[in-house]
Structure formats: C-alpha cells, structure tokens
Amino acid sequence: KALFACLKEQDIPWAARIEFVDVGYLIDSLIKGSSTVRTSGFDGDELYNCLMRRGHYRLASLMGLMAQLGTQLMHKRIMKGL
C-alpha cells in the first residue's frame, strides 16, 4: 500500500492499475489447516509496519529472516495445503 501511495503521489499514470493481494490469510490457513478466516487482522505486515513507525528499523529488518525461516520450517505443511 505504501508503494501505491508513493506512486500515486508522484502522479505515475500506471499506479492505478496496480493490484495488491494479501496472501497472509491464505498462508495462515494453509499452515494451520483451517479454512476459518482470521478476525484480528493483525499479522506480520502489521507488526513490521508498527516497528517501522516506532523507529525500530533493525528489529523490523529481522522480519524478513523470520519469514524465510518460518517458510523453511513449514514448507511441507504449506505444500500439502496447496
């Protein structure tokens, strides 16, 4: 969303054609094996944004590493869900 807002602010003509898809709920359901939709909406993206807003840049930078580790640890379960 930040990318979209930045491009729109700079009057980039193709910015309106950008489509964003939140796959957090999909991955969450694949890992947990449940089709129930989360109701909180607080996920890794929100945590990252919260850390960045508060100036915790180094801590936020670890989020990517945590996502990679989580993906490696849960690979079989994710593939089974697909």
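View 1. Helices (H or I, at least four residues) and strands (E, at least two) are DSSP runs, numbered from the N terminus. Starting at the N terminus, the order of elements reads α-α-α-α-α. This is a predicted model, in which local features need pLDDT of at least 70 and side-chain atom pairs count only at pLDDT 80 or more, while totals for chains, interfaces and linings use all residues. Residues are numbered from 1 along each chain as its sequence is written, and side-chain values use heavy atoms, with hydrogens and water left out.

**View 2. Here we look at confidence along the model.** The predictor's confidence in each residue is called pLDDT and goes from 0 to 100. Its mean for the protein is 76, and 68% of the residues reach 70 or more. Among the elements, helix 4 has the highest mean pLDDT (84), and helix 2 (residues 24-32) has the lowest (66).

View 3. Accessible areas come from the Shrake-Rupley method with a 1.4 Å probe, and for residues only the protein chains shown count as cover.

View 4. Is M63 buried or exposed? M63 counts as buried because its relative accessibility is 15%. Leaving aside residues up to four places away in sequence, M63 touches G44, L47, Y48 and L51, where a contact means heavy atoms within 4.5 Å. M63 and Y48 are 15 residues apart along the chain, and their C-alpha atoms are separated by 6.8 Å.

**View 5. L59, L62, L65 and M66 form a nonpolar patch on the surface.** Together they have about 390 Å² of accessible area. M66 lies in helix 4, which covers residues 57-73. Patches are made of residues with over 30% relative accessible area and no salt bridge, with nonpolar side chains (Val, Leu, Ile, Met, Phe, Trp, Tyr) joined within 5 Å and like charges within 9 Å. A salt bridge is a side-chain nitrogen of Lys or Arg within 4 Å of a carboxyl oxygen of Asp or Glu.

**View 6. D11 sits in the loop between helix 1 (2-9) and helix 2.** Its phi is near 55°, a positive value in a residue other than glycine. D11 counts as exposed because its relative accessibility is 65%.

Definitions and conventions:
Buried means under 20% relative accessible area, exposed over 50%, partly exposed in between (1.4 Å probe, protein chains only).
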